[in-house]
2 protein chains.
Amino acid sequence: MLKDFLIAPGPTPVPNEVLLEMAKPIYHHRTPKFSELFYETIQLLKYLYQTSHDVFILASSGTGAMEASITNTLSPGDKVIVIRGGKFGERWGEIAEAYGVSPIYLDIEWGHSASPSQVEELLKENKDVKAVFTQHSETSTGAMYDIKGIAEVVGKTSALMVVDGITGLGVSECLTDKWGIDILVCGSQKSLMLPPGLGFLSFSEKAWKMYHSSNLPKFYFDLKKEKKAQGDKTTSWTPAVSLIIGLNTALKMIKDEGLENVISRHTYIAEAVRAGVKSLNLELYAKNPANSVTSIKVPEGVEGGKIPKIMRDKYGVAIAGGQGHVKGKIFRIGHLGYIDKSDLAVVFQALEFTMRDLGYSFEWGSSYKAVQEKLYMEYKNYPTR
Amino acid sequence: MLKDFLIAPGPTPVPNEVLLEMAKPIYHHRTPKFSELFYETIQLLKYLYQTSHDVFILASSGTGAMEASITNTLSPGDKVIVIRGGKFGERWGEIAEAYGVSPIYLDIEWGHSASPSQVEELLKENKDVKAVFTQHSETSTGAMYDIKGIAEVVGKTSALMVVDGITGLGVSECLTDKWGIDILVCGSQKSLMLPPGLGFLSFSEKAWKMYHSSNLPKFYFDLKKEKKAQGDKTTSWTPAVSLIIGLNTALKMIKDEGLENVISRHTYIAEAVRAGVKSLNLELYAKNPANSVTSIKVPEGVEGGKIPKIMRDKYGVAIAGGQGHVKGKIFRIGHLGYIDKSDLAVVFQALEFTMRDLGYSFEWGSSYKAVQEKLYMEYKNYPTR
C-alpha cells in the first residue's frame, strides 16, 4: 500500500468537499437552481479577482481563455508586446501568430523576470502597440513577474494589459482593478482546487472598447455572446455544470479562509519549500521565485529526468520535471491550491529518499529541519480547533 | 421530500458508477496512468463512432467541436451547404458566417427533415461546395434526418460530409466510415451519460486533405496539434481529466451493453414515449421523430410555458420547453443516455399530473397503459439477473 500525492504545479489536489459536491446527481443548466449558483459563482470569482469588471467562465482549458483574450480584442496585423521567458510566454506568441497578430518579443532568459523599465522602453519605441501579454508566474520556470510595476507602465499608454494568472491568481497578491489589469486569465486546476476543464478571464471597459474595433473571427469564445447570456444568469453554450458546481464550493472555501490568508499561506509554504531545497544544497532555478511552484536545478552528476519518475513511481509523490530546453535540467515542486504544511512533510520525505537513491549526498532530515524552523512561527499561534 | 429526475434532451442523468469514478482523487495528466486511460478511451470512442478515422476529445462543449469542424477544414469565402431546420442547424450557419465562410441554406420547416434529393439538387447547382453541414437529430425540434441517404449523395462529390451527431450518436445507428461521414461531432452530456464539458469529433482522410488547404485561423482547436499529441497518448492542452475518466467508465458501460443493444433500447424507449404521448391525444411535432427526444405540440387552451415549469417545480421531473420561435408551442421529453423503462413510468406520471393541473382532459393512467403495452414485449424475454 502506497498513498498517492499530487504536489505538482497543476493539476493540483481537489479537496474531498469539492469532489463529493461534483459527485451529486447532475441537474439541468437552464433552471433557476443553476442560474442562482452560476450568478453566485460569478460574484465569488470577482472577489478572487478583486475586480468589478466582467468575469467569464469558459468550458475550456486555460489556453482557451488565453485565445479568447486575443480574438476578442485584436485584428490581424496589430502590434503587441509578448514577454517571453518560458513555455507559457511562448504560448502567448504562438496564439498571436496563429491569428495574424504581430508580436514584438521581449525575450527574457528562462528563470529571470521582465522588468517594468524594459516594457516601458519597448512601449516608447512602439507607440502603436495594442496590448502587452505576460505571465504573473511563469509556470515552466517558477519565475514571478512584477505585474504591478508592468501594469503601471502599460496603464500610461493606450495598450491593454493582459496577464496569464493561471498560477498567479489566488497564490500571490493580484489586484485586477487597482493595478490596472485589463484581462486576467486563469484556469480551474491550479489555486482553484478543481479538476481541469474551466478557463476564466476578466474583461475591463478598455478591453470592451478594443472588442468593438477587433475583427478577428470568433464564435465559441465570443465574449459578447457570453456577456449577453450572463445578463440572463446563464452561459451562451452548455456550461460544464459539474465543474461549475465544484467551483462554487472551492470559491466558498477560499472566501471562508479569506483571500489574504490564502495568499499568506501560499507565501509561507513557498518560503518553507525554498528553505528545504536550500538545506539540501540544491539550487533554485528562478531568480525571483514564485509562490506557486519552486523550480530546482538538477545537481551535477544526478540524472535529472529520473527525479520526478522515482518520486512518483517509487514514493507516490507526483511533482513535475522541466519543460522545453530545461527538460532534465530542472524539476518543479508545485505548492498551490489545496496545500498545507503536511504536504511539505510528504514531499521532502520523498525527495530525500529519491535524491539518496540517485547517489546525492546530504544529511537525513536536513530538509525537515529547515521546513520545521521556517513553518513553526506561522503555525505557533494558530487557534486550536 | 421530492425526488428529482432529469428526463431532458441534455444534460442527461449521469450513472452513479460514473459520478463516483469522477469523484476519486484527481491525478496528473502527464503520467503513464493517464496516458493509458486516454489511449483506451480513444479506442472505445472509435467503437462508439464505428470508425477507424481519427477521433478527438476537446475540453469544450459540443459547440466548440462544431467550430473545430469549420476552422480545421475551410477558408474564408468557401461555399458550404447548411441544412437549417432548427436551432442547431442555425448554429452551423452562425459559426460559418462568423468565420467568413459562405453558407447556402437549405431551409427546412421546423419539425421536418431534409431529403437526400434536396441536397443532391443543391450540390448539382453548386459544384464548388466544399462541405455539407447537417444534424443527425435536430434537438430543438426532435426531427431525425436521413444521414445515410444524405451522406450517399455528398459522397459522390468532393464536398465533406459533416454531421452534428450530438443527440444522434449512441442513440440511432450511425456508421461513420460505412456511410461516409467525414466529421461527426458529439458532446459528453447526451448519450454518453456524462456531465457537459467535453466535445468530440471524428476526422477522415478527406477532412485532413481539406485541413492542409484551409487557412482559417485556429489555435486552441487546431486538430493537427491534437493529432500530434495523441500520437504521444496525450492532448495538446491540459485535458479535462475527471471528465475523461468518467468518459472511460461510460464508454465501457456502452461497450458492455453492446452498441446494438444500446441503440435498440433507445429505439423501443422512444417508441413507447410516442405511444404514451399519443394516448393522451397529444400531437407529435416532428414528422420523422428522433429516438433522442420527443417534441410534443402544446394542445389548444393550455399555457405551454407552464408545462416544463410545473413538471420540474411541482413534480421534480426536468424536461425541456421549446426553443426559438416554438417557445411555448412545444415541449420536449429527452430519452437518451442513462434512461430505461423506469424513467418512462416517472415522466408520464408527472406529465399526467401536470396536464390535469393545466385543465387538460384525459383518462388517468392512459399513458401508462400505452407505455406498458409497447414496452412489455421488449422486456418480456429479458434474462433474470
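Let me start with chain A, which is divided into domain 1, covering 5–10 + 258–379, and domain 2, covering 16–257. Keep in mind that this is a predicted model. Between the C-alpha centres of domain 1 of chain A and domain 2 of chain A there is a separation of 27 Å.

Where the two domains meet, 26 residues of domain 1 of chain A are in contact with 27 residues of domain 2 of chain A. On the domain 1 side, α11 (259–279) and β11 (293–297) of chain A each supply at least two residues. The largest share of that side, five residues, comes from α11(A). By class, the domain 1 side divides into twelve nonpolar, twelve polar and two charged residues.

Next, the chain interface. Here 44 residues of chain A are in contact with 44 residues of chain B. On the chain A side, at least two residues each come from α1 (16–22), α3 (62–71), α4 (87–98) and α10 (241–257) of chain A. That side of chain A has 27 nonpolar, twelve polar and five charged residues.

Last, one helix pair in chain B. Helix α5 (residues 116–125) of chain B packs against helix α6 (residues 147–155) of chain B at an angle of about 20°, and their axes are 8 Å apart. The cut-off for roughly parallel is under 35 degrees, so α5(B) and α6(B) are roughly parallel to each other. The crossing of α5(B) past α6(B) is right-handed.

From α5(B), Pro116(B), Val119(B), Glu120(B) and Leu123(B) take part, meeting Gly149(B), Ile150(B), Glu152(B), Val153(B) and Val154(B) of α6(B). This contact has six nonpolar, one polar and two charged residues.

Definitions and conventions. Residues are numbered from 1 along each chain as its sequence is written. Chains are lettered from A and ligands numbered from 1 in the order in which they are written. This is a predicted model: local features need pLDDT of at least 70, side-chain atom pairs count only at pLDDT 80 or more; totals for chains, interfaces and linings use all residues. Domain bounds come from an automatic or database domain assignment. Two residues are in contact if their C-beta atoms, placed from the backbone, lie within 7 Å. Helices (H or I, at least four residues) and strands (E, at least two) are DSSP runs, numbered from the N terminus. Ala, Val, Leu, Ile, Met, Phe, Trp, Tyr, Cys and Pro count as nonpolar, Asp, Glu, Lys and Arg as charged, and the others, Gly among them, as polar. Axes are lines fitted to C-alpha atoms, for helices over the stretch in contact, and angles run from 0 to 180 degrees between N-to-C directions. Angles under 35 degrees count as roughly parallel, over 145 as roughly antiparallel, 65 to 115 as roughly perpendicular and the rest as oblique. A crossing is left-handed if the near helix is turned anticlockwise from the far one by less than a right angle, and right-handed if clockwise.
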